[in-house]
Amino acid sequence: MARKSLIQREKKRHKLEQKYHLIRRSSKNEISKVPSLSDKWEIHGKLQSLPRNSAPTRLHRRCFSTGRPRANYRDFGLSGHILREMVHACLLPGATRSSW
């Protein structure tokens, strides 16, 4: 189980990303449309004034059940070992176990 503080920090980043998403997207569109370099620098300064944790690259996928930050499968939202346990317990329909 991941530490609760790390999970809460990730939720905070997700909320910030949603809050500033439209501002970030519109200013990036403005940068591509403006021909003069000085105007681009001004818009870039506005982008830099936004909080760092509002950037989408700062988000990290976590396991839905344990909060584990590594080895996540996007289709299921679970980490590898939890996914394997659920498949072996027949809790995921359509998923087959592999044995060799």
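Accessible areas here come from the Shrake-Rupley method with a 1.4 Å probe, and for residues, only the protein chains shown count as cover. On that basis the protein exposes about 8200 Å², with carbon and sulfur atoms supplying 54% of it. What you're looking at is a predicted model, where local features need pLDDT of at least 70 and side-chain atom pairs count only at pLDDT 80 or more, while totals for chains, interfaces and linings use all residues. Residues are numbered from 1 along each chain as its sequence is written, and side-chain values use heavy atoms, leaving out hydrogens and water.

**Overall build**

- You'll find three helices and two strands in the protein; helices (H or I, at least four residues) and strands (E, at least two) are DSSP runs, numbered from the N terminus.
- Walking along from the N terminus, the elements go α-α-β-β-α.
- The radius of gyration is 20 Å, well over the 13 Å that the globule rule gives for 100 residues, so the protein is more spread out than a compact globule. (That radius is taken over C-alpha atoms, and the globule rule is 2.2 Å times the number of residues to the power 0.38.)
- Along the principal axes, the C-alpha trace spans about 60 × 30 × 20 Å.
- Buried residues account for 24% of the 100 residues; buried means under 20% relative accessible area, exposed means over 50%, and partly exposed is in between (1.4 Å probe, protein chains only).
- Take the contacts (heavy atoms within 4.5 Å) between residues at least 6 apart in sequence: 39% of them join residues at least 24 apart.

**Charges and the salt bridge**

- The protein carries 23 positive and 7 negative side chains, and the centres of the two sets lie 8 Å apart.
- For that tally, Lys and Arg count as positive and Asp and Glu as negative, with His and the chain ends not counted; the place of a charge is taken as NZ of Lys, CZ of Arg, CG of Asp or CD of Glu.
- A salt bridge is a side-chain nitrogen of Lys or Arg within 4 Å of a carboxyl oxygen of Asp or Glu, and by this rule the count comes to one.
- The partners are R13 and E10, whose closest N and O atoms are 3.6 Å apart.
- R13 and E10 are separated by about one helical turn, because they sit three residues apart in helix 1 (residues 4–33).
- Both R13 and E10 are buried.

**E17, a buried charge in helix 1**

- E17 also belongs to helix 1, and with a relative accessible area of 12% it is buried.
- E17 has no salt bridge, though: R24, the nearest side chain of opposite charge, is 6.7 Å away.
- Setting aside neighbours within four places in sequence, E17 is in contact with N53, S54, A55, P56 and L59.
- E17 and V34 are 17 residues apart along the chain, and their C-alpha atoms are separated by 25 Å.

**L78 and its surroundings**

- L78 lies in strand 2 (residues 78–79) and, at 7% relative accessibility, counts as buried.
- Not counting residues up to four places away in sequence, L78 touches C63, F64, S65, A71, N72, Y73, L83 and M86.
- From L78 to G67 is 8.7 Å, C-alpha to C-alpha, and the two are 11 residues apart in sequence.

**Two positive phi angles**

- A71 isn't a glycine, yet it has a positive phi of about 55°.
- You'll find A71 in the loop between helix 2 (37–49) and strand 1 (72–73), where it is partly exposed at a relative accessible area of 47%.
- C90 isn't a glycine either, and it has a positive phi of about 60°.
- C90 is in the segment after helix 3, and its 64% relative accessibility makes it exposed.

**R84 in helix 3**

- R84 sits in helix 3 (residues 80–88) and is exposed, at 56% relative accessibility.
- R84 and R97 are 13 residues apart in sequence, with 7.9 Å between their C-alpha atoms.
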